[in-house]
Amino acid sequence: MQRLPILDIVKQSFALPFSRPVEFFKTIGLFISVTVLAIIAAMIVGMASGLSPEAMASLEESVANGDFSALAAMIPALLVVVVLVMMVAAYIFNFWVRAGAFGFEHARIKPLGAALSAAFVNGLKFVLIAILLGIVSFVIISILSTLGLTSSFSEQIASSMDQDLAAATRAGILNQIVSLVAGSIIYSLFSANLTQTAMRTDDEGLSHPHTVDFAVVLILVYLVLLVPVTLAGLTGSAVLSTVINLVLGVFVMFAIGVAHGIRYRICRAEEVGVDTGNTSNE
């Protein structure tokens with residue numbers, strides 16, 4: 001079993017989306033459109049649940065006073081946003097996985113019902129993985145805080161509430177680095193299953209899924225987002241940080257999908273003894 005060509009995969013993962021600008025901007029447009037629709041739908045659900053502007057004002061006051069029970073009224077609206085956004089994110093993820101594995105000619109799952117089914121399944125998996133990663137991040141922050149290596153979770157929230165973005169960023173740098181490494185390893189453990197769903201097959205051939213190597217790929221891909229966002233945060237500019245997070249965040253989402261597809265192609269080639277030195281699939 002060969003090792004994954006880590007740097008080649010990272011390079012191809014970022015290069016492939018730009019090789020087809022039309023597909024690149026179509027998927028961005030799809031993501032933005034569904035996100036806007038999700039927000040509108042959430043507002044309609046919220047108003048139907050009695051979340052008027054006055055209620056939102058009292059909600060903010062209740063949260064500021066430590067009363068989080070009023071947040072329950074927002075759950076239906078939040079669920080609408082989560083379901084729709086995760087569905088479209090998973091649909092786009094599946095598209096880029098298949099583009100990385102098969103090329104753009106075979107990137108779309110057909111028929112549409114099968115594509116939506118695969119998006120729902122992977123979307124649900126993403127939610128569960130996100131919950132797990134959130135728990136892991138909380139544990140990591142707690143351990144580092146107990147050891148005196150970083151500020152506590154409550155202190156970081158306080159910095160954010162004070163709108164001191166630079167202080168909050170400085171306080172969370174170590175947490176982000178450790179969480180990135182741990183999160184990439186944990187995600188890599190489940191990544192083969194996500195790829196199988198995108199491929200609509202159970203025979204990915206990942207008896208040797210290169211879990212550690214793929215975790216390194218994920219770390220390098222995420223650093224493209226983490227480093228600029230951190231630098232923007234250190235400047236104290238919330239607008240700059242938000243813009244960078246949104247723009248690079250979508251791009252990184254595409255690149256991760258492509259990386260899944262390239263690994264799939266390499267693993268399948270290993271099964272039949274084909275040389276996998278060239279990761280390009282243009």
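**Confidence**

What pLDDT does the chain average, and what share of the residues score at least 70? I started there, since this is a predicted model. The chain averages a pLDDT of 83, and 79% of the residues score at least 70. Helix α1 has the highest confidence, at a mean of 93, while helix α3 (residues 53–64) has the lowest, at 60. Where pLDDT is low, the predicted coordinates should not be read in detail.

**Overall make-up**

Next I went through the secondary structure. I found nine helices and zero strands in the chain. The accessible surface comes to about 14800 Å², and carbon and sulfur atoms account for 70% of that. For contacts, I took the pairs at least 6 apart in sequence; 78% of these join residues at least 24 apart.

**The largest nonpolar core**

Which residues touch the most other members of the largest nonpolar core? I noted Trp-96, Tyr-187, Val-217, Val-221 and Phe-254, in a core of 49 residues. The elements that give two or more residues to this core are α1 (6–19), α2 (21–48), α4 (75–102), α5 (112–146), α7 (165–199), α8 (211–235) and α9. Helix α9 supplies the largest share, with 13 residues. In soluble globular proteins, nonpolar side chains tend to be buried together.

Leaving out residues up to four places away in sequence, Val-217 touches Ile-6, Ile-9, Val-10 and Ala-259.

**Ser-241**

Is Ser-241 buried or exposed? This serine is found in helix α9 (residues 238–271). Its relative accessibility is 11%, so I count Ser-241 as buried, the cut-off being under 20%. I listed its contacts too, again leaving out residues up to four places away: Ser-241 touches Leu-165, Val-229, Ala-232 and Gly-233.

**Helix α5**

My last check was on length. How far apart are the end C-alpha atoms of α5? They are 50 Å apart. At 1.5 Å a residue, the 35 residues of α5 should span 51 Å, so the two values agree. Following α5 I came to Gly-148, which has a positive phi, near 75 degrees.

Note on methods: Residues numbered from 1 in each chain as written. Predicted model: local features only at pLDDT ≥ 70, side-chain atom pairs only at ≥ 80, totals over all residues. Heavy atoms only, no water. Helix = DSSP H or I, 4+ residues; strand = E, 2+ residues; numbered from the N terminus. Contact = heavy atoms within 4.5 Å. Areas by Shrake-Rupley, 256 points an atom, 1.4 Å probe, with all protein chains shown as cover. Buried < 20%, exposed > 50% of the residue type's maximum accessible area, 1.4 Å probe, protein only. Core = buried A, V, L, I, M, F, W, Y, C linked by side-chain atoms within 4.5 Å. Expected span 1.5 Å × (residues − 1). pLDDT = per-residue confidence, 0-100.
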